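Overall chain numbers come after that.

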Amino acid sequence: DTPTGLVRISSSPGLSAGFLASRLAPLAMRYPRLDIDLAPALRSVSLERHEADIAIRVDKPKDGDVIARPLTTMGYGFYGTEEACRSVEAGAEPVFIGFNEADAYITQAIWMSQHFPRARVAFRTKDQFLQAIAARSGAGLALIPHYIGRSEPALRVCDLGSLPPSRDVFLLTRSRDRKDASIRVIADEVVGMFERERDLFL
């Protein structure tokens with residue numbers, strides 16, 4: 001069947017802006033009868049309630065009538081400008097860029113509060129793609145996924161001794177949509193994107 005109609009994709013703001021948007025948009029040209037709606041969201045959307053057709057999420061869901069396809073393993077690092085990293089590596093106290101206080105429940109924010117409880121967080125913003133932009137200014141170090149940090153020429157990895165564990169990323173679809181041509185085509189395209197650029201994430 002020729003893929004037609006609208007396919008709605010939900011993903012985190014960081015993955016949406018830092019990886020997916022530039023790679024998904026050309027698919028609308030390759031499939032002229034297929035439209036794509038990419039919706040960044042920190043919270044998990046419900047496929048069962050049809051809030052999205054495809055969800056790209058960290059960690060495998062434990063329930064629900066969904067098919068979970070592994071995409072990649074996502075590693076993290078502290079990234080900063082050359083000057084910011086040299087300062088910390090010479091013994092200065094690190095200054096960080098992090099999540100908003102309202103997003104303190106996010107796994108990386110919890111890890112930071114446990115491992116650097118007294119450190120200054122000089123700039124806070126809602127997602128890791130924006131944190132990388134802030135880090136380019138030299139305002140501090142950002143704990144961000146490698147796929148974002150490695151895409152920023154002005155940033156490099158700064159070794160602070162410990163890092164949060166890597167996390168698995170999955171593509172989720174409803175089981176009953178397995179024969180839907182449009183959803184299947186986009187899901188396969190997304191899987192291919194991650195396979196081709198796996199080294200960016202590890």
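I looked up α1 against α7 and got an angle of about 115 degrees, so the two are roughly perpendicular to each other (65 to 115 degrees counts as such). Helix α1 covers residues 13–24 and helix α7 residues 181–196. Their axes, lines fitted to C-alpha atoms over the stretch in contact, lie 11 Å apart. Angles run from 0 to 180 degrees between N-to-C directions.

Next I listed the contact residues, with contact meaning heavy atoms within 4.5 Å. Helix α1 brings Leu-15, Phe-19, Leu-20, Arg-23 and Leu-24. Helix α7 brings Val-190, Met-193 and Phe-194. I sorted these residues into seven nonpolar, no polar and one charged (Asp, Glu, Lys and Arg count as charged).

A note on the source: this is a predicted model, where local features need pLDDT of at least 70, side-chain atom pairs count only at pLDDT 80 or more, and totals for chains, interfaces and linings use all residues. Residues are numbered from 1 along each chain as its sequence is written, and side-chain values use heavy atoms, without hydrogens and water.

Then I checked the whole chain. I found seven helices (DSSP H or I runs, at least four residues) and ten strands (E, at least two). The C-alpha atoms fill a box of roughly 60 × 35 × 25 Å along the principal axes. Buried residues (under 20% relative accessible area, 1.4 Å probe) make up 47% of the 202 residues. Of the contacts between residues at least 6 apart in sequence, 80% join residues at least 24 apart.

Conventions: Angles under 35 degrees count as roughly parallel, over 145 as roughly antiparallel, 65 to 115 as roughly perpendicular and the rest as oblique. Buried means under 20% relative accessible area, exposed over 50%, partly exposed in between (1.4 Å probe, protein chains only).
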